[in-house]
Amino acid sequence: SSPGGIRILVAAMTDEMEIWFERGVTDGLPVVPPTRERVDRMLGGTSRAREALVAEVPPNYGRATVEKLAINAVMAGCRPEYFPVVLAVVEAACDPAFNLHGQSGTTNATSPLIIVNGPIRARLGVNCAAGVFGPGYRANATIGRALRLVMINLGGTKAGEISMSTFGHPGRYTYCIGEHEEVSPWEPLHVERGHAPDESTVTVFPGEGPFIINDHLSREAAQLVASLGWSAAGVWNHKSFPLYGHTLWVIGPEHAKTIGEAGWSKLDVKRHLFETVRRRARELEPGPDGAESGRLKHIGASDPDALIPKFPSVEEIMVVVAGGTAGRFSAVVPGWMGGEIGAIPVTRVIEA
C-alpha cells in the first residue's frame, strides 16, 4: 500500500516460458528460450554459415537455414556438440526418398526414428543400451525433439492441422536411439549401408511405436528368429500379408548373442524372417462383400494354398542391435508405406 492507503498493483512480467506456447512453436512441452547468446553458442557447433540453406522442410517447405535449425535445437535443449547430428538428421529426413511430406499428414502413427551409429555415440553420450527407447539421456531426448520442433515450426506439422494421425505415438515427442555396436555380433547399420566403421552417421526410419517381444525360452537361432518373426505377424493387421514397406527389428543383446553364436549372419536372420513368417492365401481371402481384406484382391485367381510372406522382401527387413544386457527382449518397429507413395530409410554422414 502507498502512504495514502491506495494499493498499487503492478502487473507481473509475462512468464518467458509461456510466451513460446502463445506463439505456437512448442510440441506441448516447455522449450528453452532461444536467446541470441544461446543461438550463437549453438552455431559454434558447426563451421557452416548461419544463412546457409540445409533443406526445405515438408509439407510447408519452410527454409531450414543453419540459424533456424540452431534456434530449434536450442529450444529442444540440445548442447552445441549435438548440432552436427541435428543437421545430418534434418538433411536425411528432408530427402524426398524419406517422404516426410506424407508422414507429416498421414492418419497413421508413423514418426521419424533416428538411429545413430559410429564413434560419435560415445562422445555425445547417446544411449544405446538399457532403456534405449526411454527417458534419461539428454542426447537422445533433445536430438529427437529437435527434429520434431523443426517439423512443427518450419514444416508446419502441427497436431490437428496438418498432422492428422488418428492416434500418434509418444515417439512424436522424441524418437532417437543409438545402435549398441559393441555387443553386436554383426556389422553395424551404417557399415551395412556402405559407410566406414569410423564414420558417424544417422539413419532415419519411418516408424510406428516399438512393440516389445519377450522371449526367455528360445535357445536355438532358428527357433528364436522364428519367434521374433511370428510375434510381429500381426503388425498393421493380421491380414497384411505382405506388408507395404520396411520393418525394423531392434534385437536385444542377449537375443543377438544366441543368434550370433550359432554362426548366423544378419542376412541369415533376414532371410529366415522372410521365409518363415507366411500364411496360406486362403486365410487372406476378401470378406463376403467382396471388399479387399488384406493385400490380395483377386485371391480366386491364385493358388489358395500358396504361402504368402508377411514381409515384401528380404531387402525391406532391417536389423540393428540395441538395448540392455539383463533380459531376453527384442523389439519390432513397423514401418510406414513402401513403393512409389511411401518412404524408405535414409542415411547421412555427420560432419566432423
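1. Ground rules. The model is predicted: local features need pLDDT of at least 70, side-chain atom pairs count only at pLDDT 80 or more, and totals for chains, interfaces and linings use all residues. Residues are numbered from 1 along each chain as its sequence is written, and side-chain values use heavy atoms, with hydrogens and water left out. Helices (H or I, at least four residues) and strands (E, at least two) are DSSP runs, numbered from the N terminus.

2. H3 against H7. Helix H3 (residues 66-76) packs on helix H7 (residues 138-153) at about 125°, and their axes are 8 Å apart. Axes are lines fitted to C-alpha atoms, for helices over the stretch in contact; angles run from 0 to 180 degrees between N-to-C directions. H3 and H7 are therefore oblique to each other. The cut-offs: under 35 degrees is roughly parallel, over 145 roughly antiparallel, 65 to 115 roughly perpendicular, and the rest oblique.

3. The H3-H7 contact. Contact means heavy atoms within 4.5 Å. H3 contributes Leu69, Asn72, Ala73, Met75 and Ala76; H7 contributes Thr142, Arg145, Ala146, Leu149, Val150 and Asn153. By class, the contact residues are 7 nonpolar, 3 polar and 1 charged. Here Ala, Val, Leu, Ile, Met, Phe, Trp, Tyr, Cys and Pro are nonpolar, Asp, Glu, Lys and Arg charged, and the others, Gly among them, polar.

4. Strand E7. In E7 (residues 247-251), 5 of the 5 residues are buried, so the strand is largely enclosed by the rest of the structure. Buried means under 20% relative accessible area, exposed over 50%, partly exposed in between (1.4 Å probe, protein chains only). Thr247, Trp249 and Ile251 point one way; Leu248 and Val250 point the other way.

5. Partners of E7. Strands pair if DSSP finds at least two bridges between them. E7 pairs with strand E10 (residues 317-321) in the parallel sense over 5 bridges, and Ile251 stands opposite Val321. With strand E11 (residues 329-334) the pairing is antiparallel, over 5 bridges. There, Thr247 stands opposite Pro334.

6. The open sheet. Its 4 strands run in the order E4-E3-E5-E12, with mixed pairing. E4 (176-178) and E12 (346-349) are the edges, each with a single partner strand, so one side of each lacks a neighbour in the sheet. Neighbouring strands are turned by 25° on average, direction ignored. E5 (residues 201-207) and E12 run antiparallel, joined by 4 bridges; Val202 has Arg348 as its bridge partner.

7. Helices on the sheet. H4 (residues 83-93) touches E3 (111-117), E5 and E12, its direction making about 45° with that of E5. H7 lies across E3 and E4, at about 140° to E3.
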